[in-house]
Amino acid sequence: MLTTFSNQLFNIYPIINPPKNYDPTLNPVGMDVGTTRCCVAVNRNDGINVVAIDNSDRPLPSYIGYEEKVPKCGQIVCSRIKHHFKSTVFDIKRIIGKSFGSIVIDPNWPFKVFEENGSVKISTIGCENVDILLSPEEITAVLIKHMKKEVESFQGQSIFEAVITVPAAFNQTQINATIEAAKLAELEIIHILPEPIAACLTYASQQQIPENSTVLLFDLGGGTLDVCIVKIEHENLHILKSCGDQYLGGRDFDTILMNHFLAVLKEGYQIDLINDFDNARLLKRYKLMLLCQEIKHDLQTAESAWLDVSDIDPNFDTQIIIKRDDFEKLSAGLLLRIKFKILESINSLNLGLNDIDFVLQVDPDWAVAYGATLYSYYLKTTSVNEVMEEAVPEVAYPQDTEPVQVVQPVEKPTQPETPSAPIHEELDEKPRLHTKDKIKRELIRFVKKV
Ligand SMILES: Nc1ncnc2c1ncn2[C@@H]1O[C@H](COP(=O)(O)OP(=O)(O)O)[C@@H](O)[C@H]1O
Ligand SMILES: [Mg+2]
């Protein structure tokens with residue numbers, strides 16, 4: 001099997017126009033393997049389509065279940081976590097490519113993480129209650145393989161090549177581990193693209209960003225914070241700065257809510273899910289964990305949200321209300337770290353807030369997969385020499401110094417079979433690009449507030 005890949009990050013990416021004509025032999029694929037959700041997009045007759053990969057849903061929750069012979073992933077695993085939490089693995093993106101000592105073990109993980117002969121291993125319970133040991137790459141491969149299969153049935157042809165996105169804050173070891181996972185998922189040609197750049201390509205393909213604009217890309221993913229500053233010059237994105245925090249993500253906000261409700265349940269209802277770890281209590285804890293994610297999402301749009309105590313213990317028919325303001329107070333430490341990263345990235349370029357023309361807040365839903373597909377399309381329609389000419393290898397990233405591999409000539413996939421029926425799905429939301437005025441209202445207010 002020929003396996004070629006580029007694990008190289010560049011400091012220039014071209015702005016790419018969406019494909020106008022449909023050429024099924026190209027079949028570009030972009031995969032966003034998220035901490036909490038995965039998303040994949042392809043090219044169809046009508047442009048770039050996000051594929052429904054979890055039954056009729058487009059995003060796939062990044063939960064993997066091992067209780068049956070063949071591991072499965074997605075919403076079904078979330079729905080069954082109550083019964084199979086001991087066989088469930090999630091947050092794998094917070095583990096992959098890290099050394100054991102640099103992994104922050106979350107007490108809410110139902111699986112064990114340990115070191116064996118210098119490698120990180122995950123132990124979970126497999127089919128027929130047998131203990132199983134897996135590498136983070138093998139677990140991530142389940143998600144990628146699922147996406148690959150769904151894309152193959154959607155497109156009616158095999159997939160050998162894909163662009164896979166990673167947080168800009170990922171180092172070379174994490175990138176290599178992600179490529180390894182993709183290889184285990186039987187992808188043969190793999191290209192890596194930073195998530196915020198993918199989102200920016202999406203935006204730039206739909207709306208013109210004025211020449212010479214300086215754009216701050218802000219991506220708070222499930223597990224990592226990425227801040228990139230790019231300049232738009234000659235139809236290219238020039239990365240001026242890329243930094244982040246590998247230990248700060250949306251999942252930490254879930255944990256803040258979780259700890260809050262655990263304390264209130266213990267104090268106000270004598271429901272102790274903190275100390276007593278029998279199976280019934282663990283089950284309630286995982287239920288609470290999923291509810292906290294929903295509550296966090298609700299607080300994005302509503303001033304207040306609540307936990308129905310009956311969801312945890314049917315003996316109580318009350319709600320524990322949480323206001324957005326209170327949640328922001330509880331999250332003050334995390335918000336301060338975000339503020340610090342934003343200011344640090346701007347200051348390091350000797351710029352001020354007023355030098356930033358736009359802020360692009362990365363939509364966690366589909367914008368990354370869409371941009372990755374645009375990039376895949378670009379790579380398939382541009383000769384290797386042209387790609388190498390335009391894409392100067394990134395030198396400013398604070399990454400490891402392992403040698404980088406160069407893009408190899410692309411092997412075209414075989415002739416397609418008849419594609420399956422197209423499923424046309426409108427992209428319901430546009431990526432959010434805030435104008436300078438809005439920065440003043442949102443970013444500066446945010447920076448001042450915390
Ligand atoms: N509507 C929403 N409101 C608040 N947070 C959201 C919303 N939708 C998604 N998120 C959060 O955004 C994060 C998405 O992360 P994801 O893209 O899966 O991970 P990553 O980008 O780190 O790989 C999660 O923490 C999720 O809870
Ligand atoms: Mg993401």
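**Note on the predicted model**

1. Residues are numbered from 1 along each chain as its sequence is written, and chains are lettered from A and ligands numbered from 1 in the order in which they are written.

2. The mean pLDDT (the predictor's confidence in each residue, from 0 to 100) is 84, and 83% of the residues reach 70 or more. Residues 392-441 have pLDDT below 50, yet this stretch makes 95 contacts in the model beyond near neighbours in sequence. A contact here means two C-beta atoms, placed from the backbone, within 7 Å.

3. The protein has 12 helices and 21 strands, taken as DSSP runs numbered from the N terminus (helices H or I, at least four residues; strands E, at least two). Among contacts between residues at least 6 apart in sequence, 71% join residues at least 24 apart.

4. Ligand 1 is surrounded by 19 residues, the closest being Gly34, Thr36, Gly221, Gly222 and Gly250 (C-beta atom, placed from the backbone, within 6 Å of the molecule). Helix 6 (250-269) and helix 7 (279-301) are the elements that give two or more residues to this shell. Helix 7 gives the most, with four residues.

5. Helix 6 has 20 residues and should span 28 Å at 1.5 Å a residue, which agrees with the 28 Å between its end C-alpha atoms; the expected span is 1.5 Å times one less than the number of residues. Its buried residues include Gly250, Arg251, Asp252, Phe253 and Asp254. The buried residues of helix 6 pack against strand 15 (214-220), helix 7, strand 18 (304-308), strand 19 (319-323), helix 8 (324-330) and helix 9 (332-348). Just after helix 6, glutamine 270 takes a positive phi of about 50°.

6. One open sheet has three strands in the order 8-7-9, with antiparallel pairing (strands pair if DSSP finds at least two bridges between them). Strand 8 (72-73) and strand 9 (88-89) are its edge strands, each pairing on one side only. Strand 7 (residues 64-65) is joined to strand 8 by two bridges, and isoleucine 64 has cysteine 73 of strand 8 as its bridge partner.

Definitions and conventions
Predicted model: local features only at pLDDT ≥ 70, side-chain atom pairs only at ≥ 80, totals over all residues. Buried ≥ 20, exposed ≤ 12 C-beta atoms within 10 Å, placed from the backbone.
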